[in-house]
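Take a look at the sequence and the 3D structure below. Keep both in view as you read.

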Amino acid sequence: MSVDVVTFGCRLNAFESELIAKHAEAAGADDTIVINSCAVTNEAVAQARQSIRKLKRERPAARIVVTGCAAQTQATMFSSMPEVDRVIGNDDKLQPDAWRATTQALAVPRFGIDASEKVAVSDIMAVTEMAPHLVDGFQRGLPRVFVQVQNGCDHRCTFCIIPFGRGNSRSVPMGAVVDQVRALSEGGHAEIVLTGIDLTSYGADLPGAPKLGRLVKQILRHVPELKRLRISSIDSIEADADLLDALADDARLMPHLHLSLQAGDDLILKRMKRRHARADAIAFCAQVRRLRPDIALGADLIAGFPTETEEMFTRSLDLVEECGLTFLHVFPYSPRPGTPAARMPQVDGTVIRERARRLRTAGEAALRRRLEQEIGCLREVLIESETQGRTEHYLPVAVAGHTMGTVQRLTMSGHDGGRLLVLPPPSSPVEPGDDGGRCGASPGLACA
């Protein structure tokens, strides 16, 4: 019996792929390949289709099941592919019953089946609650694990198809999240990452409408054995006071934020239907840097949004310096069918690719600058594998001779352009409660 899951897209998809494998194997799936797809760009959808064709050539006897955001939004397209045996919706993929039904359906020879009969996709907009998906051991041995606390999105950015793949925002109750974090920490996982589709909308659907910051404080208060807590991408305009307090006051909340900025020009932001202005983004970055001077900031930026002029693009490019960004996730704009932006005047594809290249070049230079500033710093490094770890700031470190899953205090001796290098010999694991002596580097400041 074998189930292989091929994952495209976000960290949440990666988390859910583990659940998919667990449910499919429990249902008795045999020689099955699951494509957990992404719909954020046309390229992501095309990659999923290419992967399906390639895998079917390599394993002609295997059953291929497609799920994820692209399957939810474009079920007919995938079901019409002769290589595909089943299409499962984004909510259905997390339900054990859906995998039992799928396994039963795939066990029956079905020659010449109509494409519509392959589809098991429910109405994602009808889903109003979110149960915790417990990770009872399938992530065992991994230094960093994810806890899903939220799904879906209530906003309607004009470029984004994801709300129609994920549904409206819904949250896991705080008590269930705290229990899961505690169980994972007691199981030996050094770092927990809170993840969701629109993380800073957490709690709006729960009694009392608690915000993300309150959840973070509850975790830190009630799970004292937790070594490191990290949060994934946030919308800076929704960051609440409790979240900022926790960032300033508790060293276990990692000094690393990834921001959904998307653009640096106010008119483009308005046409995107974003809820912040350029000045808001710059002010937020300055605020968190005052609270946590060594913080590392990343951001999503879209190149070539419809109607974007060179002057407008330059304002996005300038955000790298003005916000002091270290990490960039660059998206060349891709029109998604059914979105308002797809009906706007489009930028030439060659221009889009060139602007994306310039953003990536600026991001690479920003990362190199931060790596330079880290030289001489003593950092707490989570050992992820035999050859790599990550600092508190999510900076990659080339390592050797350390036990995976431990947190080591290491002195940064240099970098190779992409990763930090460390001084030998191996250091001792960091003891609980020992913050390791921090080096207060931040963009523009030398490291003592």
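## About the model

This is a predicted model, in which local features need pLDDT of at least 70, side-chain atom pairs count only at pLDDT 80 or more, and totals for chains, interfaces and linings use all residues. Residues are numbered from 1 along each chain as its sequence is written, and side-chain values use heavy atoms, with hydrogens and water left out.

## Helices α12 and α13

Start with helix α12, residues 310–322, and helix α13, residues 349–374. Helices here are DSSP runs of H or I with at least four residues, strands are runs of E with at least two, and both are numbered from the N terminus. The axes of α12 and α13 lie 10 Å apart, and the helices pack at an angle of about 15°. Axes are lines fitted to C-alpha atoms, for helices over the stretch in contact, and angles run from 0 to 180 degrees between N-to-C directions. The angle makes α12 roughly parallel to α13. (Angles under 35 degrees count as roughly parallel, over 145 as roughly antiparallel, 65 to 115 as roughly perpendicular and the rest as oblique.)

The crossing of α12 and α13 is right-handed. That term applies if the near helix is turned clockwise from the far one by less than a right angle; anticlockwise is left-handed. Which residues of α12 meet α13? On the α12 side they are E310, F313, S316, L317, V320 and E321. Their partners in α13 are R355, R358, L359, A362, A366 and R369. Contact means heavy atoms within 4.5 Å. By class, this contact holds 6 nonpolar, 1 polar and 5 charged residues. (Ala, Val, Leu, Ile, Met, Phe, Trp, Tyr, Cys and Pro count as nonpolar, Asp, Glu, Lys and Arg as charged, and the others, Gly among them, as polar.)

## Helix α8 and its two partners

Helix α7 spans residues 174–186. Its axis and that of α8 come within 10 Å and cross at roughly 40°. That makes α7 oblique to α8. The crossing is right-handed. From α7, M174, V177, V178, V181 and R182 meet R214, L215, Q218, I219 and H222 in α8. The contact of α7 with α8 has 6 nonpolar, 2 polar and 2 charged residues.

Helix α9, residues 241–249, also pairs with α8. The axes of α8 and α9 come within 6 Å, crossing at roughly 40°. These two helices are therefore oblique to each other. Is the crossing of α8 and α9 left-handed or right-handed? It is left-handed. L212, G213, R214, V216, K217 and L220 in α8 meet D242, L243, D245 and A246 in α9. This contact has 5 nonpolar, 1 polar and 4 charged residues.

## The nonpolar cores

In soluble globular proteins, nonpolar side chains tend to be buried together. A nonpolar core is a set of buried Ala, Val, Leu, Ile, Met, Phe, Trp, Tyr and Cys residues joined through side-chain atoms within 4.5 Å. The largest core in this model has 54 residues. Its members that touch the most others are L194, L215, V216, I219, L229, I234 and L257. A second, separate core has 23 residues, including F8, C38, I64 and I162.

L215 also meets α7 from its place in α8. Leaving out residues up to four places away in sequence, L215 touches V149, M174, V177, L194 and Y202.

S51 sits in helix α2, residues 42–58. S51 is buried, with a relative accessible area of 15%. (Buried means under 20% relative accessible area, exposed over 50%, and partly exposed in between, using a 1.4 Å probe and protein chains only.) Not counting residues up to four places away in sequence, S51 touches V6, F8 and I35. T307 is in the loop between β12 (296–303) and α12. At 23% relative accessibility, T307 is partly exposed. T307 touches I268, R271, M312, P345 and V347, again not counting residues up to four places away in sequence.

A209 is not a glycine, yet has a positive phi of about 50°. A209 lies in the loop between β9 (191–195) and α8 (212–222), and is partly exposed at 40% relative accessibility. Y394 is another residue other than glycine with a positive phi, near 70°. Its loop runs between β15 (388–390) and β16 (396–398). Y394 is buried, with a relative accessible area of 16%.
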